[in-house]
Amino acid sequence: MTDSPTPDELVSAHLDGEASPDDDARVLADPHLRSRRQAFVRLREELGDLEMPTPARREANIAAALAVYDELAAAPAGGETDATVVDLTAARRRRRLAVLAAAAAVLVAALGVTALRQGLGGDANEDVATSATATLEEADEASAELDFAQAEAGATEAADRASPAAEEEAPMAAESVPADQGVGGETALAEGAPAPVPRDLGAVADLDALAAALSAVPAAPPPTTVVTLDPDTEAALACVDSVIAPTDVVLDLATARLLDTGTTVAVVVVDDGSGPRALVVAPPACTITVLDGAPGSSGGG
Amino acid sequence: MDTTSDEALIDAARTGDRRALDTLLRRHHDRIWAICRRLTANDADADDATQQALIAIVRGLASYDGRARFTTWAYRVATNACLDELRRRGRRPLPGLPDHETPTRPVGATATATRDPAEGVSTRLLLDDALAALPEEFRTAVVLRDVAGLDYAEIAEVLGIPPGTVRSRIARGRGRLADLLGADGNPGPPSRRHTDEP
């Protein structure tokens, strides 16, 4: 691989004052490169030729930022937050159950359609049979997954079930979450209280700002519906599992967008008996950073 | 015009001087908006992104440590806010003009030296289209150089890439834009004649 710059690199660096004297001379001596230089100069002028926003827009933008400043100023500086113990494990189980149940419900519907087609068609044709077999296999897999999740959630009766025929198991799976409570934006969760939703701290500049936001943004009221999270947030939350030890008590959970890295991270405040620590977990590698300066954080690096 | 340095304004804002923050934000608003406008290629997205950027700057003020120039830090925050805005909407920049303006010339048409209002509108649309067609990494590098006025080292810091990569991205971005816009008097399909030279 050669390090020799392309003509555009030569011209560009020359224009920006980043070229060597030799390269400057080369650009100026070559009519072709000089022409290209002119094109880049014109381009720069056009890029800078912008209609600025109206005064009203400018004022609105600045007012919004100042409002945040006022909120931060009004918030208790470094004060203790009212820690609400979040049963994250239960939340994960419920989320998983809801997803699996919804998947099972879809399979049940598919089975129903298949049966209907068989009934209407009289003699079962081959493609219907193939479809039914495939669907049953998928349902079997789903029900096995569901059993695992239920066992993990402490549903011992589910763990004791020895995976009976899929056509029986799938309806059971569907029953674990009522039919009108599938996964979606406005549907309620099946089991008791809804899963805790992490506080959304919004976009923050960096980790220090994240620490400040953790104490400044008030806890959201308990959700009553399943909230659909964006993929970045889901990825961050998926990492949370990897940082919580069995002995940890989860005191708080939040997500935020770090603007200096462009990543969505999860912040989980845990107490392992030695005091609360705020951990920032960043996908995709689930890297962990102990958040200094967060309320209840015992520091670290 | 207020000649207080950015650093002094930041210090004052940190101690509760709201007016200092107001001055700081006003001083940098238009440049941040310009960065966002060029990155998002339309006014509405630029407004949203600018507001997000200013809010992020306010939230991060306490953590700004002065190691980089304030503008470098602020433009990094702004750049990420703009790109974030685009990603959040799940799309590339959507070229657009203010409501009262009407596009009059497609991408690839010849730009002429004469300027009248309609010409200005079409040039802006052409540029928006061309920028939107540019890969994000090229667009960002060119905007940080030609709109934000950062040098290569600062752009490298903002984007977290080596200066050599900055140099290459700016050159390739400019090259593609010039080809798309016919800015060298040779409109039409992107030309590769320069890059083929030794």
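# Exercises on a predicted two-chain model

Cys36(B) and Cys82(B) are joined by a disulfide in this predicted model, with their sulfur atoms 2.3 Å apart.

**Exercise 1.** Characterise the disulfide of Cys36(B) and Cys82(B): which elements does the pair link, and what is the handedness of the link?

*Solution.* 
1. Begin with the distance criterion. A pair of cysteine sulfur atoms counts as a disulfide within 2.5 Å, and the sulfur atoms of Cys36(B) and Cys82(B) are 2.3 Å apart. Over all chains, the structure holds 1 disulfide.
2. Locate the partners. Cys36(B) lies in helix α2 (residues 18-40) of chain B and Cys82(B) in helix α4 (residues 70-88) of chain B. The two cysteines are 46 residues apart, and the pair thus links distant parts of the chain.
3. Assign the handedness. The angle about the S-S bond is -65°, and the link is left-handed.
4. Consider the surroundings. Both Cys36(B) and Cys82(B) are buried.

**Exercise 2.** Describe the fold content of chain B: how many helices and how many strands does it have, and what share of its residues is buried?

*Solution.* 
1. Count the elements. Chain B has 8 helices and 0 strands, and the order from the N terminus is α-α-α-α-α-α-α-α.
2. Take the burial. Of the 198 residues in chain B, 58% are buried.
3. Examine the contacts. Among those in chain B with a separation of 6 or more, 61% join residues 24 or more positions apart.
4. The accessible surface of chain B is about 8,200 Å², and carbon and sulfur atoms account for 51% of it.

**Exercise 3.** Determine how helix α3 of chain A and helix α8 of chain B pack: at what angle, and through which residues?

*Solution.* 
1. Read the geometry. Helix α3 (residues 31-48) of chain A and helix α8 (residues 163-181) of chain B pack at about 90°, their axes 10 Å apart.
2. Classify the angle. α3(A) is therefore roughly perpendicular to α8(B).
3. α3(A) contributes Arg36(A), Ala39(A), Phe40(A), Leu43(A), Arg44(A) and Glu46(A); the α8(B) residues include Ala171(B), Arg174(B), Gly175(B) and Ala178(B).
4. Sort by class. The contact has 7 nonpolar, 1 polar and 5 charged residues.

Conventions:
Residues numbered from 1 in each chain as written. Chains lettered and ligands numbered in written order. Predicted model: local features only at pLDDT ≥ 70, side-chain atom pairs only at ≥ 80, totals over all residues. Heavy atoms only, no water. Helix = DSSP H or I, 4+ residues; strand = E, 2+ residues; numbered from the N terminus. Buried < 20%, exposed > 50% of the residue type's maximum accessible area, 1.4 Å probe, protein only. Contact = heavy atoms within 4.5 Å. Areas by Shrake-Rupley, 256 points an atom, 1.4 Å probe, with all protein chains shown as cover. Axes fitted to C-alpha atoms, helices over the stretch in contact; angles between N-to-C directions. Parallel < 35°, antiparallel > 145°, perpendicular 65-115°, else oblique. Nonpolar A, V, L, I, M, F, W, Y, C, P; charged D, E, K, R; others polar.
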